[in-house]
Amino acid sequence: MKRFTFFLMLATFASLIYVYEEVEAVKIGYAIRKQQEIKTRELDHARSLQYNIASLKSPNNLEKKLSLERIQL
């Protein structure tokens with residue numbers, strides 16, 4: 001009877017460890033997905049800023065701004 005109780009306790013302990021590891025794996029998966037979403041959002045924002053910089057530096061845009069402010073070069 002003691003052996004059965006020992007093996008039952010051992011199996012319960014092993015099952016608890018397994019469940020704990022699975023829960024931690026799911027938590028890590030969620031954290032990874034959140035970080036990937038943040039990375040994607042930041043990359044989109046960086047592309048948007050690069051586009052804005054390029055459009056602000058474009059000769060046509062500069063010419064329009066200068067003519068609106070009536071600056072002659």
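So, to start: how many of the 10 residues in helix 2 are buried? The count is 0, and helix 2, residues 59-68, is hardly covered. Keep in mind that what you're looking at is a predicted model.

Okay, the whole chain next. We've got 2 helices and 0 strands. The radius of gyration comes out at 31 Å, well over the 11 Å that the globule rule gives for 73 residues, so the chain is more spread out than a compact globule. You can see that in the C-alpha trace too, which spans about 100 × 15 × 10 Å along its principal axes. Burial for the chain is 0% of its 73 residues. As for surface, the chain exposes about 7400 Å², with 64% of that coming from carbon and sulfur atoms.

Now the start of the chain. Methionine 1 sits in the segment before helix 1, which runs 2-57. Methionine 1 has a relative accessible area of 79%, and anything over 50% counts as exposed, so methionine 1 is exposed. For a sense of distance, go from methionine 1 to leucine 43: that's 42 residues in sequence and 63 Å in space, C-alpha to C-alpha.

Then there's the place where the helices meet. Helix 1 and helix 2 pack at about 60°, with their axes 5 Å apart. That angle makes helix 1 oblique to helix 2. On the helix 1 side you have Ser55, Leu56 and Lys57, and they meet Pro59, Asn61, Leu62 and Lys65 in helix 2. By type, the residues of that contact are 3 nonpolar, 2 polar and 2 charged.

Notes:
Residues are numbered from 1 along each chain as its sequence is written. This is a predicted model: local features need pLDDT of at least 70, side-chain atom pairs count only at pLDDT 80 or more; totals for chains, interfaces and linings use all residues. Side-chain values use heavy atoms; hydrogens and water are left out. Helices (H or I, at least four residues) and strands (E, at least two) are DSSP runs, numbered from the N terminus. Buried means under 20% relative accessible area, exposed over 50%, partly exposed in between (1.4 Å probe, protein chains only). Axes are lines fitted to C-alpha atoms, for helices over the stretch in contact, and angles run from 0 to 180 degrees between N-to-C directions. Angles under 35 degrees count as roughly parallel, over 145 as roughly antiparallel, 65 to 115 as roughly perpendicular and the rest as oblique. Contact means heavy atoms within 4.5 Å. Ala, Val, Leu, Ile, Met, Phe, Trp, Tyr, Cys and Pro count as nonpolar, Asp, Glu, Lys and Arg as charged, and the others, Gly among them, as polar. The radius of gyration is taken over C-alpha atoms; the globule rule is 2.2 Å times the number of residues to the power 0.38. Accessible areas come from the Shrake-Rupley method with a 1.4 Å probe; for residues, only the protein chains shown count as cover.
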